[in-house]
Amino acid sequence: MSSTEFTTISEALSEFERAFRPLHDNYWFALRAAVLIAIRFFRCEMCGNCCRFSPLVFSEDEAWRIAEFLGKRVEELPLRRVEYCVCGRVIIYYKAPRPCPFLSGNRCAVYEVRGSQCRAFPFEFLMYSLVPAYCPAIPKALRKAAEFISQNFDVLRRAVRVMEDDLKRLATDFDFKEAMRRCAYEPLVRKLFTIISRLREKTQACATPTGQ
Ligand code: SF4
Ligand code: SF4
């Protein structure tokens with residue numbers, strides 16, 4: 001990465017943090033709400049970098065779906081099977097080498113059945129305040145989100161309060177987080193923007209003088 005690219009990412013990140021930090025006393029609530037906004041503005045540039053550089057694992061179900069899609073047996077996939085034990089329960093997952101073996105040019109050859117990690121990139125990273133430097137679309141989305149937050153600050157602060165339970169579950173409830181990852185957080189983005197519109201309508205209704 002060049003020093004100019006590094007400066008762009010770090011400036012965009014600082015702008016984003018300055019905008020979202022006052023949204024809530026809890027840093028994580030404020031960050032996650034801001035990431036939902038960044039998701040709305042994110043436009044993938046189809047460079048394929050995430051498939052080249054991200055550490056990637058597939059759950060057992062995902063690996064089976066990919067095998068079925070390709071008309072192969074799961075053992076034939078170019079993935080490494082890993083097994084470990086948690087509290088007496090055996091967990092199996094499949095680890096991909098880098099670059100991902102399903103990347104063809106800059107395209108995914110198993111797009112329809114790609115795993116939840118693929119669907120949630122780069123949002124899963126951003127949810128934990130990590131910014132993958134190899135994604136050129138992130139700084140642009142962070143800048144647009146920062147601008148949106150600054151322009152809609154009061155309404156957003158109230159919307160974050162309404163969304164507190166969801167924002168908390170994103171950190172603590174594994175099943176909820178998994179469900180969100182599978183559909184790349186879209187339901188939460190829609191929910192946040194619906195709340196924002198409702199709050200705006202209410203504010204406008206209150207500001208309209210009666211008798212007009
Ligand atoms: S499965 Fe497809 S989307 Fe996921 S990393 Fe591989 S090439 Fe990329
Ligand atoms: S690195 Fe970012 S811009 Fe490039 S394909 Fe992945 S998500 Fe899209």
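Q: Where does ligand 2 sit?
A: This is a predicted model, where local features need pLDDT of at least 70, side-chain atom pairs count only at pLDDT 80 or more, and totals for chains, interfaces and linings use all residues. Residues are numbered from 1 along each chain as written, chains are lettered from A and ligands numbered from 1 in written order, and side-chain values use heavy atoms, without hydrogens or water. A pocket is an open set of points on a 1 Å grid over the protein atoms alone, with protein on both sides within 12 Å along at least five of seven lines. With more than half of its atoms within 2 Å of such points, ligand 2 sits in the largest pocket.

Q: How many residues of the shell around ligand 2 are nonpolar?
A: The surrounding residues (a heavy atom within 4 Å) include Phe42, Met46, Asn49 and Phe121. By class, two are polar and one is charged, while the nonpolar ones number nine.

Q: Which residue forms a salt bridge with Arg143?
A: A salt bridge puts a side-chain nitrogen of Lys or Arg within 4 Å of a carboxyl oxygen of Asp or Glu, and the structure holds ten. For Arg143, the closest N and O atoms are 3.1 Å apart, and the partner is Glu15.

Q: How many residues apart in sequence are the parts that Arg143 and Glu15 tie together?
A: Arg143 belongs to helix α7 (residues 137–151), and Glu15 to helix α1 (residues 3–20). The pair therefore links parts whose separation in sequence, in residues, is 128.

Definitions and conventions
1 Å grid on protein atoms, 1.4 Å probe; cavity = no way out; pocket = protein on both sides within 12 Å on 5 of 7 lines; lining within 4 Å. Nonpolar A, V, L, I, M, F, W, Y, C, P; charged D, E, K, R; others polar. Helix = DSSP H or I, 4+ residues; strand = E, 2+ residues; numbered from the N terminus.
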